[in-house]
Amino acid sequence: MIELQGLTKRYGETRVVDDISLTVEQGEFCVLIGPSGCGKSTTLKMINRLIAHSEGKILVGGEDITTLPPERLRRRIGYAIQSIGLFPHWRVADNIATVPKLLKWPSSRIAARVEELLALFQLDDDGLHDKYPHQLSGGQAQRVGVARALAADPDVLLMDEPFGAVDPLTRDTLQAELARVHRQTGKTIVFVTHDMDEALRLASRVALLNAGQLVQYDRPAELLVAPANDFVRDFIGRADLGLKLLSRRQVEEYCRPAQRTRNNAIASAPITWQVDANDRPMALLGGRLGESQAARTVVNPEWTATPEMSMKEALSRMVWFRVTALPVLDAEGRLLGEVTMSGVMGHRP
Ligand SMILES: Nc1ncnc2c1ncn2[C@@H]1O[C@H](COP(=O)(O)OP(=O)(O)OP(=O)(O)O)[C@@H](O)[C@H]1O
């Protein structure tokens, strides 16, 4: 757990971080976001004492960080940044081992930890272990940077725009990986970004800063449906709020029991799924946009959904394939239920 109490940073007369108080609970993924120069990086760097604070207190696991010896702080707090800062003349494995070496772990323990992290970040093929930073792609280098930050198994991970410099596709992959690693490790993460979509995707709580002050600290859905003021509303972007909300929701939440039949006669329900002997949907009876209810549409794998899929993706598929419902399938392709256009409309955001 991290507690910021009246945290302030002054440069001369200017308060670049101004009286911020917030608590990041154990295992929480807290994203600091706000316009350029609002004090995000300064706040982050004060947590691991790269920058000294002027007023207030920072507690990590209940302990005031000014009382912790640097070695203990390093062990408890991992740090990953956009420019990565890998040592160019060290191999990947040595880069990852930086902090364990500083902490004088036995070499067998270091080697085991490096292998574990390479596997966690899917870096364990292509002899990557022995490569040098200049031989890596941007996305691989970012993964190594994050793996290095996690090496000594810190309680807290601080990340300053770690995916700022990679292309959108790689960024998407890295975000998904980080979300998975967060679920698997349960680390407390404080993450700086200026990208609202990234914040909404990753955060369990978002801290929105402006001019050094904390404007709102809330769960992503609350920020979207109950913005504290016009600044928050404008910063989130008013235009596609509904879609942003749906990108946070999973199909599972919207999935309803489906009407199924083993033959192709249109049943009483407006949408009925024709299933095979293994309960795999073969056709949608009814539910095709612009066609009569009697239409029979063969199920195409591209317009099916899984419980983990985002509702934004599910809605996009419905629109693209002009169907009012998608079958929700389990891992074996069996029909679990359905998501429908009217279900999306009827659901409280
Ligand atoms: N050493 C310094 N001396 C004086 N002012 C500084 C110093 N370092 C940072 N600042 C100012 O503090 C403010 C906050 O900077 P900070 O880097 O924390 O912002 P940020 O929100 O991370 O911005 P960005 O998104 O652009 O990275 C800025 O106005 C910056 O100019």
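Trainee: Is His 53 buried or exposed here?

Mentor: Bearing in mind that this is a predicted model, His 53 counts as buried because its relative accessibility is 19%, and the cut-off for buried is under 20%.

Trainee: Where does His 53 sit in the chain?

Mentor: His 53 belongs to the loop that runs between α1 (40–47) and β4 (55–60).

Trainee: And which residues is His 53 in contact with, leaving aside its neighbours within four places in sequence?

Mentor: With those neighbours set aside, His 53 touches Leu 7, Thr 8 and Lys 9, and also Met 46, Ile 58 and Thr 66.

Trainee: What does the side chain of His 53 reach at 3.4 Å?

Mentor: That is the backbone oxygen of Gly 56, which the His 53 side chain reaches at 3.4 Å.

Trainee: Switching to the ligand, which element gives the most to the shell around it?

Mentor: That is α1, which contributes three residues; the residues around the ligand include Lys 40, Ser 41 and Thr 42, as well as Tyr 11, Val 16 and Pro 35. By class, the shell comprises four nonpolar, five polar and one charged residues.

Trainee: Which polar atoms lie by the ligand's oxygen atoms?

Mentor: A polar side-chain atom of Ser 36 is 2.6 Å from a ligand oxygen, while a polar backbone atom of Gly 37 lies 2.8 Å from an oxygen atom of the ligand, and an N or O atom in the Lys 40 side chain is likewise 2.8 Å from a ligand oxygen.

Trainee: How much of the ligand's area does the protein bury?

Mentor: The protein buries 54% of the 640 Å² that the ligand exposes when taken alone.

Notes. Residues are numbered from 1 along each chain as its sequence is written. This is a predicted model: local features need pLDDT of at least 70, side-chain atom pairs count only at pLDDT 80 or more; totals for chains, interfaces and linings use all residues. Side-chain values use heavy atoms; hydrogens and water are left out. Helices (H or I, at least four residues) and strands (E, at least two) are DSSP runs, numbered from the N terminus. Buried means under 20% relative accessible area, exposed over 50%, partly exposed in between (1.4 Å probe, protein chains only). A polar contact is a pair of N or O atoms within 3.5 Å; within protein, one must be able to donate a hydrogen and the other to accept it, and residues adjacent in sequence count only if both atoms are side-chain atoms. Contact means heavy atoms within 4.5 Å. A residue is near a molecule or strand if one of its heavy atoms lies within 4 Å of it. Accessible areas come from the Shrake-Rupley method with a 1.4 Å probe; for residues, only the protein chains shown count as cover. Ala, Val, Leu, Ile, Met, Phe, Trp, Tyr, Cys and Pro count as nonpolar, Asp, Glu, Lys and Arg as charged, and the others, Gly among them, as polar.
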